[in-house]
Amino acid sequence: MSKPWVCIVMGSDSDAEVMSQAAAALDELGVPYEMTVASAHRTPERTKEVVTNAERDGAAVFIAGAGMAAHLPGVVASFTTRPVIGVPLASGALQGVDALYAIVQMPPGIPVASVAIGGARNAGILASQIIATADSALAERLRQKRAGMAGAVMEKAKKVARSTR
Ligand code: RP5
């Protein structure tokens with residue numbers, strides 16, 4: 001059986017720069033992934049095919065990023081019972097608020113988790129955390145990453161600290 005992996009889907013190549021931050025987080029944590037474009041509106045059949053093939057081939061978590069009327073994460077979730085993390089992307093007149101509302105307002109029964117507008121890095125980390133529930137080595141890498149962040153905060157505290165008393 002192959003290692004559990006993450007399927008990253010985005011609505012357009014114009015989403016790729018932000019969505020690559022999810023891939024970067026997965027790279028840092030040693031979690032395999034595949035990344036592709038499938039549009040819920042422009043290529044609904046391809047979206048179904050990407051999701052059903054990925055589920056069949058062992059994708060453990062899906063990350064779906066889209067802007068504007070962001071139906072992609074919900075449509076991905078309609079084709080799989082694996083967890084789906086939506087990434088609302090800033091584009092068009094409403095700069096991601098539309099996408100955020102579309103992603104978080106799923107009807108009962110077909111859940112989609114959401115990160116912040118443009119929060120692709122957190123989507124990669126959250127997907128890793130889900131996979132880490134059954135992978136103690138990955139859980140340890142996540143703990144080390146947090147320890148690194150705590151260390152960085154302590155460095156910042158030292159740099160900024162001043163007292164006049
Ligand atoms: C959404 O529409 C995509 O996810 C993208 O964020 C936005 C614009 O798409 P393009 O017109 O750049 O293809 O479906």
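Modeller: A polar contact is a pair of N or O atoms within 3.5 Å. In this predicted model, a polar side-chain atom of Arg42 is 2.8 Å from an oxygen atom of the ligand.

Biologist: How much of the ligand's accessible area does the protein cover?

Modeller: On its own the ligand has 360 Å² of accessible area, and the protein covers 75% of that.

Biologist: Which residues surround the ligand?

Modeller: The surrounding residues are Gly11, Ser12, Ser14, Asp15, Arg42, Ala66, Gly67, Met68 and Ser91. Sorted by class, this shell has five polar, two charged and two nonpolar residues.

Biologist: What lies 2.6 Å from an oxygen atom of the ligand on the Ser12 side?

Modeller: A polar atom in the side chain of Ser12 lies at that distance, 2.6 Å, from a ligand oxygen. For Asp15, an N or O atom of the side chain is 2.6 Å from an oxygen atom of the ligand.

Biologist: Turning to another residue, where is Thr80 found?

Modeller: Thr80 is in the loop that joins helix 3 (72–78) to strand 4 (84–89).

Biologist: Is Thr80 buried or exposed?

Modeller: Buried means under 20% relative accessible area. Thr80 has a relative accessible area of 10%, so Thr80 counts as buried.

Biologist: Which backbone atom lies 3.0 Å from a polar atom of the Thr80 side chain?

Modeller: That atom is the backbone nitrogen of Arg82, 3.0 Å from a polar side-chain atom of Thr80.

Note on methods
Residues numbered from 1 in each chain as written. Predicted model: local features only at pLDDT ≥ 70, side-chain atom pairs only at ≥ 80, totals over all residues. Heavy atoms only, no water. Near = heavy atom within 4 Å. Polar contact = N/O pair within 3.5 Å; in protein donor to acceptor, adjacent residues only side chain to side chain. Areas by Shrake-Rupley, 256 points an atom, 1.4 Å probe, with all protein chains shown as cover. Nonpolar A, V, L, I, M, F, W, Y, C, P; charged D, E, K, R; others polar. Helix = DSSP H or I, 4+ residues; strand = E, 2+ residues; numbered from the N terminus. Buried < 20%, exposed > 50% of the residue type's maximum accessible area, 1.4 Å probe, protein only.
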